[in-house]
Amino acid sequence: MILVAASVLVSCQEDPLPPVDSFRFGQVGEVRVTVVEPLLFGVGSVQQVLTWNSQGPWTLYEQIDYRGELGDDASLRNRGDDVAYAAAYAALIATVNDNENLSLFIPELDPSLNPDCGVDESTVTFRIRDDLRGEEISWSRCDHGPLGGLTPVGSGPDAEAARVILAAILARDLSLSPSWVSDFQSSLPFGTLDRGEDSGIDDLVSRAFIGEEGSSEAPAEWAGFWAAHSDGQPLPEVNWAEDMVLVAGDGVRNEAGDSLEVRRVLQVTGGGLAEPVERAPGDFCSPAFRPHTPFHIVFAPRVPPPVLFATLKVERVPCGT
């Protein structure tokens, strides 16, 4: 009986694995969609990266910047069942491998093409990593808008570019959902001048600094404000002829972990609107008592005054993040 059991075990161990060629490219691996959208003819940008693993989990990272300075960033991850997302991933891979009208693996679609999309088009890259083969392939093409606004109409520069854009749209819809909206939707670009939890002004409140139309001089109160806020640190360089400064603040917080950030800067009828967000510890966290004054100071393209601030939105952050 021992000999029989041993022979069965050896037989099971010697069963060959399916050949790699029987798996679609990327069936075991990862898909990554990257969209870089220039703003104001390339002076700023929004960058979005969707990363999706074949086992189901996906993450989205977004950032907005202006004149080379990061304004804000945000991340999102799936909260649903990994098994369901793994099935959706498999459907995506089957489509881009096998569908006659949507396949990326056709001779006419050159993976080596690295288009210059300029300052008025987005660069969209669809990358597939295959863990079984130890290979990856990526396709980059040009389109208009951010991840949430992609459309195959007008994509380029070659005739088959629409396949890359449709693959990116399908990945977005199957993971994030077709109704997903970016945290930075419609925002002007902006960059950070200072950000932290301890302003030198305890009663700091949101306000805008905008110079006189056609003047490169700083607003009269700017130097005094900065000296009080930063404890006498040198004034940051601001092009007041083209830019404005927005200060997001809401006074003192008494628990450690609270932070404040500008999420969007919008140009609206009659002026501008800034949307601040407070990130606070979750309802079941027990942060330490520590009075502090969170703030976020950004610069953005100048809009006609006034610039108002929306009601502060509070986001609860899970403990330990």
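View 1. Asp-231 counts as exposed, because its relative accessibility is 70% and the exposed class starts over 50%. The model shown here and in the views below is predicted. Asp-231 sits in the loop between helix 4 (222–230) and strand 9 (243–250). Its phi is positive, about 60°, although Asp-231 is not a glycine. Most residues other than glycine have a negative phi.

**View 2. Phe-41, in the loop between strand 1 and strand 2**. Phe-41 is not a glycine, yet it has a positive phi of about 60°. The residue is exposed, with a relative accessible area of 67%.

**View 3. The cis peptide bond from Gly-156 to Pro-157**. Omega is near 10° for this bond. Pro-157 belongs to the loop between strand 6 and helix 3. Most peptide bonds are trans.

**View 4. The cis peptide bond joining Pro-305 and Pro-306**. Here omega is about 5°. The loop between strand 14 (295–301) and strand 15 (307–309) holds Pro-306.

View 5. The structure holds 10 aromatic pairs. In the pair of Phe-105 and Trp-139, the ring centres are 5.4 Å apart and the planes stand at 90°, so the pair is edge-to-face. The cut-off for that class is an angle over 60 degrees. Phe-105 lies in the loop between helix 2 (82–98) and strand 5 (122–130), and Trp-139 in strand 6 (residues 135–143), so the pair ties together parts that are 34 residues apart in sequence. Phe-105 is partly exposed, at a relative accessible area of 32%. Trp-139 is buried, at 1%.

**View 6. An aromatic cluster of Phe-209, Trp-222, Phe-225, Trp-226 and Trp-240**. These residues form one cluster.

**View 7. The largest nonpolar core, with 31 residues**. Val-31, Val-33, Leu-104, Phe-126, Ile-128, Leu-147 and Leu-150 have the most contacts inside this core. The elements that give it two or more residues are strand 1 (29–39), strand 2 (44–53), strand 3, helix 2, strand 5 and helix 3 (161–175). Another core, of 19 residues, lies apart from it; Ile-64, Leu-188, Ala-248 and Leu-260 are among its members. In soluble globular proteins, nonpolar side chains tend to be buried together.

**View 8. Contacts of Ile-128**. Neighbours within four places in sequence are left aside.

**View 9. The largest pocket, about 670 Å³ of space**. The elements that give two or more residues to the pocket lining are strand 3 (58–66), strand 4 (69–77), strand 11 (259–268) and strand 16 (313–317). Strand 4 gives the largest share, 5 residues. The lining has 23 residues. By class, 8 are nonpolar, 4 polar and 11 charged. Ala-74, Ser-75, Leu-76, Arg-79 and Arg-279 lie nearest the centre of the pocket.

Methods. Residues numbered from 1 in each chain as written. Predicted model: local features only at pLDDT ≥ 70, side-chain atom pairs only at ≥ 80, totals over all residues. Heavy atoms only, no water. 1 Å grid on protein atoms, 1.4 Å probe; cavity = no way out; pocket = protein on both sides within 12 Å on 5 of 7 lines; lining within 4 Å. Points joined across faces, edges and corners; volume = space filled by probe spheres on them. Helix = DSSP H or I, 4+ residues; strand = E, 2+ residues; numbered from the N terminus. Nonpolar A, V, L, I, M, F, W, Y, C, P; charged D, E, K, R; others polar. Phe/Tyr/Trp six-rings, centres within 6.5 Å; stacked < 30°, edge-to-face > 60°. Buried < 20%, exposed > 50% of the residue type's maximum accessible area, 1.4 Å probe, protein only. Core = buried A, V, L, I, M, F, W, Y, C linked by side-chain atoms within 4.5 Å. Contact = heavy atoms within 4.5 Å.
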